[in-house]
Amino acid sequence: MANIALLIAGGSGNRMHQDIPKQFITVNERPVIIYTLEAFENHPEIDVIAVVCIAGWEQVLWAYAKQFNITKLKYVIPGGENGQASIRSGVYELEKYFTYEDIVLIHDAIRPMISAEIISDCISKTMQYGNAITVIPCAEAMLQTENGVVSDKSYPRNQLKRTQTPQGFHLGPICELHRKALEAGITNSVASCTLMIEMGETVYFSAGSEKNIKLTTVEDIDIFKALLAAKRSNWLKD
């Protein structure tokens, strides 16, 4: 059975307000996507890497992969009109080369702090349950609002999880899910886990981390740089 990392790098990153896609922004002389690729390249359980890439950047990606010795990258796939379409394009392409039971970990290319432990747990839980959604606890008080201005209701945070990626699946079932979603007219679900739930499926959890941040705004780049520079004091217990 193969374990495939499918990185989704099809977005333009409008909220970052930069002139190049955020996955290709350079931080400490390395593109963001290289940090993400290296995490999967260096993980012993990952066999192959595929990337769904924004149009016009495919050759840049191949060049960076060669420069930084990303040897597991085998497939670069065109992105779609939104996240769901990009993921669908990715899994459909992988279906041509891999089996029904092979595992695919779908991961945001702009989550460069992904750890080996998160990858391992996602693979393990996918093997155990058939899918695995990386999550972390909700630590903040959660308020409900209708208009974004005022609230008179709270929601129990112990009943909530904050989702991250990777999100793991067997390749055959996730391809079937996307086909059924298209038949049902669902074309813009925000993530694989929400698509699963919209299609009436049950999802299972694997362990994430507060450090596994998604680079969406310029402030996130600042946090990423701080995390890269930080070294945990040796007296701190895990």
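The model is a predicted one, so local features are kept only at pLDDT of at least 70 and side-chain atom pairs only at pLDDT 80 or more, while totals for chains, interfaces and linings use all residues. Residues are numbered from 1 along each chain as its sequence is written, and side-chain values use heavy atoms, with hydrogens and water left out.

Helices and strands here are DSSP runs (H or I of at least four residues for helices, E of at least two for strands), numbered from the N terminus. To start with the helices, H3 (residues 83-95) and H5 (residues 171-183) have axes that come within 10 Å and cross at roughly 135 degrees. Those axes are lines fitted to C-alpha atoms, for helices over the stretch in contact, with angles running from 0 to 180 degrees between N-to-C directions. The angle makes H3 oblique to H5; under 35 degrees would count as roughly parallel, over 145 as roughly antiparallel, 65 to 115 as roughly perpendicular, and the rest is oblique. The crossing of H3 and H5 is left-handed, a label used if the near helix is turned anticlockwise from the far one by less than a right angle, with clockwise giving right-handed. On the H3 side the contact (heavy atoms within 4.5 Å) is made by Gln84, Ile87, Arg88, Val91, Tyr92, Leu94 and Glu95. On the H5 side the residues are Leu171, Ile174, Cys175, His178, Arg179, Ala181 and Leu182. Sorted by type, the residues of this H3 and H5 contact come out as nine nonpolar, two polar and three charged. In that scheme Ala, Val, Leu, Ile, Met, Phe, Trp, Tyr, Cys and Pro are nonpolar, Asp, Glu, Lys and Arg are charged, and the others, Gly among them, are polar.

With 10 of its 10 residues buried, H1 is largely enclosed by the rest of the structure. Buried means under 20% relative accessible area, exposed over 50%, and partly exposed in between, with a 1.4 Å probe and protein chains only. The buried set in H1 includes the charged-type residues Glu38 and Glu41, along with Val32, Ile33, Ile34 and Phe40.

Strand S10 (residues 161-170) takes in His170. At a relative accessible area of 11%, His170 is buried. Beyond its neighbours within four places in sequence, His170 is in contact with Met1, Tyr100, Glu101, Asp102, Ile103, Thr126 and Gly130.

Next come two buried loop residues. Phe98 sits in the loop between H3 and strand S6 (103-108), and its relative accessible area of 16% makes Phe98 buried. Not counting residues up to four places away in sequence, Phe98 touches Ala2, Ile4, Val48, Tyr75 and Leu171. Phe98 and Asn3 are 95 residues apart in sequence, yet their C-alpha atoms are 9.8 Å apart.

Arg111 is placed in the loop between S6 and helix H4 (116-129) and is buried at 8%. Apart from neighbours within four places, its contacts are Thr36, Thr163, Gln164, Thr165, Asn212, Ile213 and Lys214. The Arg111 side chain reaches the backbone oxygen of Asn212 at 2.7 Å. That is a polar contact, i.e. a pair of N or O atoms within 3.5 Å; within protein, one must be able to donate a hydrogen and the other to accept it, and residues adjacent in sequence count only if both atoms are side-chain atoms. Arg111 also lies 9.5 Å from Thr216, C-alpha to C-alpha, across 105 residues of sequence.

Thr194 belongs to helix H6 (residues 192-198) and counts as partly exposed at 25% relative accessibility. Its side chain makes a polar contact of 2.8 Å with the side chain of Ser189, and a polar atom of the Thr194 side chain lies 2.8 Å from the backbone oxygen of Ala191. The C-alpha atoms of Thr194 and Thr163, 31 residues apart along the chain, are separated by 9.9 Å.

Lastly, the backbone torsions. Asn28, in the loop between strands S2 (26-27) and S3 (30-31), has phi near 55 degrees, a positive value in a residue other than glycine. Asn28 is exposed, at 51%. Asn69 has a positive phi too, near 60 degrees; it lies in the loop between helix H2 (58-67) and strand S5 (73-78) and is exposed at 54%.
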